[in-house]
Amino acid sequence: MNVVVVANFDSMSAEVAKMVFAQIVRKPDSVLGLATGSTPLGVYSLLAEYHARGTDFSRLTTFNLDEYVGLAPDHPQSYHWYMRENFFSKVNIKPDRIFIPNGMAEDLEAECLRYDELIKQAGGIDLQLLGIGSNGHIGFNEPGTEFGTTTHIVDLAESTIRDNARFFESIDQVPTRALSMGIKSIMQAKEVILMASGGSKADAVCAAVKGPVTTAVPASVLQLHPCVTFVVDQAAASRL
Ligand code: F6R
């Protein structure tokens, strides 16, 4: 595991955007795994700048990690909306090469199977971007999630609902379930980059990097991945 400690959110974003750019240069038809939340926002805006300066994204395929159950793509807190607003509307990825789990599917189990099949058909994920929850979750794989999980339906942890309430008018409006790629799906990516910024992530980063590999801290499984880089700012690295 490589751990790169940078000064702050902006330098974390610049470092990760550069790594994604290098991946696109090396393999223009890469399959990228994408995350939402506050942490990757700077990366997406820098990647949009790379595109504005001429980088072609048209041969990429993308798979998002997760989506809330019950939020339609046009709901402003859905991850479909987030991705369109913050990234897809600013680059030239082909709409039919963008994949996000459908949290409105009538048969959620079938949707999970369909999503895994789509990843397989695309040849697997070349580079997976991750954030980390303050409880150590990756994607919406909450503490206790088995390492063998593929895309699945998740009951969100209380702490995650509380963390995410800042995006909703009230905590009652935060969905309690989500569809998420599993730990196994993430571990099958050829390369993984985990980003973290801010002191609220320091305990989770420390447990993931230095603690035992345990389902109690889902991100700790990344110690077993052959090609993973943590790009963390000083505040998030403060317990390392
Ligand atoms: C989002 C996701 C989550 C977030 C994590 C951190 O797609 O998979 O695991 O990465 O909850 O969220 P932020 O970046 O908002 O602190």
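Predicted model: local features only at pLDDT ≥ 70, side-chain atom pairs only at ≥ 80, totals over all residues.
Y115 is buried, at a relative accessible area of 1%.

A pair of aromatic rings is described by the distance of the centres and the angle of the planes. The count comes to 11 aromatic pairs. Another of them joins F63 to F99, with centres 4.8 Å apart and planes at 15°, so this pair is stacked. Here too distant parts of the chain are linked: F63 sits in strand β3 (residues 61–64) and F99 in strand β5 (residues 98–99), 36 residues apart. Both F63 and F99 are buried. One aromatic cluster is formed by Y44, F57, Y82, F87 and F88.

Next comes a sheet. Three strands form an open, antiparallel sheet in the order β4-β8-β7. Its edge strands, β4 (66–68) and β7 (152–155), each pair on one side only. From one strand to the next, the twist averages 25°. Strand β8 (residues 177–180) is joined to β7 by four bridges, and the two run antiparallel. H152 stands opposite S180 in β8.

M1, V3, V5 and L240 make a nonpolar patch of about 290 Å². V3 lies in strand β1 (residues 2–6) and is partly exposed, with a relative accessible area of 34%.

Technical notes:
Residues numbered from 1 in each chain as written. Heavy atoms only, no water. Patch = residues over 30% accessible without salt bridge, like charges linked within 9 Å, V, L, I, M, F, W, Y side chains within 5 Å. Areas by Shrake-Rupley, 256 points an atom, 1.4 Å probe, with all protein chains shown as cover. Salt bridge = Lys/Arg side-chain N within 4 Å of Asp/Glu carboxyl O. Buried < 20%, exposed > 50% of the residue type's maximum accessible area, 1.4 Å probe, protein only. Pairing = 2+ DSSP bridges. Axes fitted to C-alpha atoms, helices over the stretch in contact; angles between N-to-C directions. Phe/Tyr/Trp six-rings, centres within 6.5 Å; stacked < 30°, edge-to-face > 60°.
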